[in-house]
Amino acid sequence: MAKPTTSKYSELQILVGDGATPTEGFTVVCGMTTKGVQRSANVSSTVVPDCADEDAPAFEEKAVNSLSISISGSGVWAAENHGVFMAWFYSGLAKNIKVRHLNAAVGTPEYEEGPALLTSLNNAVERGQKVTAEINIEFDGQPTLVNAA
């Protein structure tokens with residue numbers, strides 16, 4: 001049996017840009033204990049009948065209308081994120097982000113990067129516990145794929 005090459009937690013990173021010009025700096029989002037990247041396709045269906053037997057069940061043909069990529073995370077609310085995330089949310093504007101796959105093989109996508117919106121920012125706490133956070137970020141358009149060198 002051949003074992004797959006796997007990635008550990010730290011090899012999937014979410015980085016947020018600082019907006020600086022001419023060279024933008026990116027910082028890894030701190031405090032997340034769960035991270036996820038959701039890639040989905042909005043699909044349309046068309047029912048196509050059988051012309052030779054109109055009473056036979058028709059089949060659906062599918063077409064992709066759009067693609068959407070979102071990033072989610074949850075964990076502790078790190079003070080290092082507070083100012084950046086609060087300003088980002090209340091601005092309603094896109095920020096440049098990067099999703100980094102550190103274990104990407106040469107010639108395959110290491111980064112998905114581009115402008116994105118912070119679509120949810122939630123905090124909660126229970127007595128005796130630390131403040132937690134849940135975030136959702138959605139790419140605004142098609143991210144650029146940058147292959148590992």
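**Side-chain pairing and burial**

At 13% relative accessibility, E110 counts as buried (buried being under 20% relative accessible area, exposed over 50% and partly exposed in between, with a 1.4 Å probe and protein chains only). The model is a predicted one, in which local features need pLDDT of at least 70 and side-chain atom pairs count only at pLDDT 80 or more, whereas totals for chains, interfaces and linings use all residues. Residues are numbered from 1 along each chain as its sequence is written, and side-chain values use heavy atoms, with hydrogens and water left out.

The side chain of E110 meets that of R100 in a salt bridge, with an N to O distance of 2.9 Å (a salt bridge being a side-chain nitrogen of Lys or Arg within 4 Å of a carboxyl oxygen of Asp or Glu). This pair links distant parts of the chain, since E110 belongs to strand 6 and R100 to strand 5, 10 residues apart (strands, E, of at least two residues and helices, H or I, of at least four are DSSP runs, numbered from the N terminus).

K98 is buried, having a relative accessible area of 18%, while E113, at 22% relative accessibility, is classed as partly exposed. The side chains of K62 and E60 likewise form a salt bridge, with 2.9 Å between N and O; here K62 is exposed, at a relative accessible area of 56%, and E60 is partly exposed, at 47%. The count of salt bridges in the model comes to 4.

Aromatic pairs number 3 in the model (rings of Phe, Tyr and Trp, the last by its six-membered ring, with centres within 6.5 Å; planes under 30 degrees apart are stacked, over 60 edge-to-face and the rest tilted). The ring centres of W77 and F85 are 6.4 Å apart and their planes stand at 70 degrees, so this pair is edge-to-face. The rings of F85 and W88 have centres 5.8 Å apart and planes at 50 degrees, so that pair is tilted. F85 and W88 are 3 residues apart in helix 1 (residues 79–91), and are therefore separated by about one helical turn. Ring pairs thus link W77, F85 and W88 into a cluster, in which W77 is buried at a relative accessible area of 17%, F85 is buried at 3% and W88 is buried at 3%.

Turning to strand 2 (residues 26–28), T27 lies within this element and is exposed, with a relative accessible area of 55%. T27 touches I14, L15 and V16, residues up to four places away in sequence not being counted (contact meaning heavy atoms within 4.5 Å). The C-alpha atoms of T27 and G17 are separated by 6.6 Å, the two residues being 10 residues apart along the chain.
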